[in-house]
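Thanks for coming, everyone. I have a few minutes, so let me put the structure up and walk through it.

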Amino acid sequence: MNGETLVYKRPETLIKDKGFTFCPGCGHGVVLKIIAELIDEFGIRENTIAISSVGCSIFLEKFYELDVAGASHGRSPCVATGIKRSLPDKFVFTYQGDGDAATIGFNETIHTACRGEKITTICINNTTFGMTGGQASATTLVGQVTTTTPRGRKAELTGYPLRVAETVANCEGAAYVARVAISTPKYIKEAKKAIRKAFEMQIKGLGYSFVEVIAACPTNWHMTPVECIDYIENTVEKVHKLGVFKDITKGENI
Amino acid sequence: MTKVLWKGNQAIAQAAINAGCQCYFGYPITPQSEIGEYMGDKMPELGRTFITAESELASISMVIGAGTTGTKAMTSSSSCGIALMQEAISAMCCAEVPGVIVSVMRGGPGLGNIASAQGDYFQAVRGGGNGDYKIIVYSPATIQEAIDLMYRAFHVSMKYRNPVMLLADGILGQMMEPVEFGKYPYIDEDVSKWALSGAKGRAPRNLVSLHMPDGELEKISDKIFEKYKIISEKEMIVDKFMTDDAELIVTAFGTTARIAKSAVKKARKAGMKVGLFRPVMLSPFPEKELYETAKSTQMILDIELNQGQMLLDVKASVFGACPVEFLGRSGGGMLTDTQMLEKITTLYKKIGVKV
Amino acid sequence: MARIVINKDLCKSCKICMNACPKNLIKTASCTNSIGVHYAEFEDKNGECLGCALCAESCPEAAIVEVYR
């Protein structure tokens, strides 16, 4: 109608009228949407090559109007390295989960950061292997019920959750490392700001950027999507704390 | 061109550079570490990419990354390292991504030893990865041939969008020989129709290896096996030595074939009609060529530095046309031409006696 | 008058948008969409919508395709 202005539009980088493949309320959708919004805003869609990973995060080519390269489980940063080293002017990012980037592929994540590869990694941390049905991963919380820890993860049996972002931040090649969450609208805005910053790091060629995003997995957390919102704030965040752990531009907080 | 003395590993590396290899991703492992060292020295000077990756799992996936953009890339490793690459190699075949892999075999199984061996034949040609796929495998017997086959590997890999392996061994990697580096003889392929470069002025593309929808993977599987048939017909290389009138033909590959050649020459001097059939392309295997050769001879003796691996392909190809015998040593053990000649002589006597 | 446009066939009824809307203007539809889900429906009889787009930003399906202010 007249006199109204459009303040939000579904990003063009998302394939039109195509839904996501995720469970209702899954955090992946929110992050994929934020990434698409930023790619539109930076105007880099035609210059971007995305690298998918293995897990719920695998289906990039089903919803993105982007060139996508696949990778073996945990090796997305290596495929991204091969691409970025071959085509340094392209915008290259990997989209991974806590299973891919922090469990099987943690060695690759760390070394990619140490080498300061000029790529960006977005790591969705929902403290579980979602695609395979909710098994415990490296970031699973102590006490968390999963299909492999049905009576709750016991530290004396399976150890403690890995603090991913803090560890990656210790790599000198990393230019920007943050952990955000996308449970509440406030957090979503902060998450977008962090991912924008990470993208800027790459566009300016300042080094490796890594954003870990705490996201809901209603199906495997056995909660409704709305219940996940408080669970993230009251429980997950206590272990996987939010914050900017490295920012070579300066210590400015998000 | 005058010949120059070169070490195998370094010659393989220089050949890759001449072939236009833009990216080298590797990891140290005896007996091929000099390839990485040589590349570490030369590639940055040429403004090309060199990375010692954190593992062979990483290095082969970096090759995939470069390959998806149509960039010439390679990795090199040995036995155990090549084993770590199998999952990714399978994915390369599914997504049809080019890349060159140099495997310099050492003693196995396990950490084995660093002696020369051929126990990774199955690993190379049968593929240690999952699913139905084939990689193209070339096996040089001399350093000169290794150079020529490296040129061919980069060309064929890009032309057919498939991983190509140069299967050498510890001897070839470590020894020195006079060689000459000719110019890279192939024209670069046009990759613009499939390579990833960013969806500018065209629809987005993807090179992935997960294909869930019904029948999608089957279509891909049939397509790549059609491709392997074409490769087998168009790119096959076999080296036959004195096989036309041979009563007994030795089959062997790599440096073992070279030693077998001198055994064949000695046998000929001793009046025995012996020949050598050496597959240079191991995968796809020269089934037809070997069958045709086997039809006109009395016996085949397969000689390998393993417990009998190419032996199975030889038997399958010969298909009963004549008996197939085997002489092998494993665990890094070497066979001399004299030992080969002894086996040839005892077997040759059996041919004379019509049973 | 601020309003939102929902592509009802993308909605999986996770109800996060309803939780995010400061004015409770999004309800669960009585009928279902093409994937058999009671989708989210925008009801704003009194024109309370602020056009803040918190719903669109929170939607995990990017099903809220436009927001006007």
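Start with Glu212(A). It is buried, at 0% relative accessibility. Keep in mind that this is a predicted model.

What does Glu212(A) meet in a salt bridge? The side chain of Arg179(A), at 3.1 Å from N to O. Glu212(A) sits in strand S7 of chain A, residues 208–214, and Arg179(A) sits in strand S6, residues 174–181, so the pair ties together parts that are 33 residues apart in sequence. Is Arg179(A) buried or exposed? Buried, again with a relative accessibility of 0%.

Now a contrast in setting. Lys16(A) forms a salt bridge with Asp17(A). The closest N and O atoms there are 3.9 Å apart. Lys16(A) is exposed, with a relative accessible area of 66%. Asp17(A) is exposed as well, at 53%. The cut-off for exposed is over 50%, so Asp17(A) qualifies at 53%.

Next, a pair between chains. Lys189(A) forms a salt bridge with Glu57(C). The closest N and O atoms are 2.8 Å apart. Lys189(A) is in helix H8 of chain A, residues 185–203, and Glu57(C) is in helix H2 of chain C, so this pair joins two chains. How accessible are the two partners? Lys189(A) is partly exposed, at 43%. Glu57(C) is buried, with a relative accessible area of 17%.

There is also a network. Glu37(A), Glu41(A), Lys192(A) and Arg196(A) are joined into one by salt bridges that share partners. As background, side chains of opposite charge can pair when their charged atoms come close. Over all chains, the structure holds 36 salt bridges.

Let's move to the interface of chain B and chain A. On the chain B side, 34 residues are in contact with 31 residues of chain A. The area buried between the two chains is about 2,400 Å². Carbon and sulfur atoms give 58% of that area.

How many salt bridges cross this interface? Three, by the rule used here. One to look up on your screens joins Arg115(A) and Glu54(B), at 2.9 Å from N to O. As for polar contacts, nine residue pairs count between chain B and chain A, both residues being at pLDDT 80 or more.

Which elements of chain B give two or more residues to the side that touches chain A? They are strand S2, strand S3 (49–52), helix H3 (56–68), helix H5 (86–95) and strand S9 (206–207). Of these, H3(B) gives the most, with eight residues. By class, this side of chain B has 18 nonpolar, 11 polar and five charged residues.

Stay with S9(B) for a moment. It pairs with strand S3 of chain A, residues 67–69. The sense is parallel, over two bridges. In S9(B), Leu207(B) is the bridge partner of Ala69(A).

Last topic: the backbone. Chain B has a cis peptide bond between Thr30(B) and Pro31(B), with omega about 10°. Where is Pro31(B)? In the loop between strand S2 (23–26) and helix H2 (33–45) of chain B. Another cis peptide bond joins Ser283(B) and Pro284(B). Omega is about -10° there. Pro284(B) is also in a loop, between strand S13 (281–283) and helix H11 (287–295) of chain B.

Then positive phi. Thr127(A) is not a glycine, yet its phi is positive, about 55°. Thr127(A) lies in the loop between strand S5 (120–125) and helix H6 (155–158) of chain A. It is buried, at 0% relative accessibility.

Ala53(C) is another residue other than glycine with a positive phi, near 70°. Its place is in the loop between strand S3 (40–42) and helix H2 (54–58) of chain C. Is Ala53(C) buried or exposed? Buried, because its relative accessibility is 6% and the cut-off for buried is under 20%.

Definitions and conventions. Residues are numbered from 1 along each chain as its sequence is written. Chains are lettered from A and ligands numbered from 1 in the order in which they are written. Side-chain values use heavy atoms; hydrogens and water are left out. Helices (H or I, at least four residues) and strands (E, at least two) are DSSP runs, numbered from the N terminus. Buried means under 20% relative accessible area, exposed over 50%, partly exposed in between (1.4 Å probe, protein chains only). Contact means heavy atoms within 4.5 Å. Buried area is the accessible area (1.4 Å probe) that two parts lose on being put together, summed over both. A salt bridge is a side-chain nitrogen of Lys or Arg within 4 Å of a carboxyl oxygen of Asp or Glu. A polar contact is a pair of N or O atoms within 3.5 Å; within protein, one must be able to donate a hydrogen and the other to accept it, and residues adjacent in sequence count only if both atoms are side-chain atoms. Ala, Val, Leu, Ile, Met, Phe, Trp, Tyr, Cys and Pro count as nonpolar, Asp, Glu, Lys and Arg as charged, and the others, Gly among them, as polar. Two strands pair if DSSP finds at least two bridges between them.
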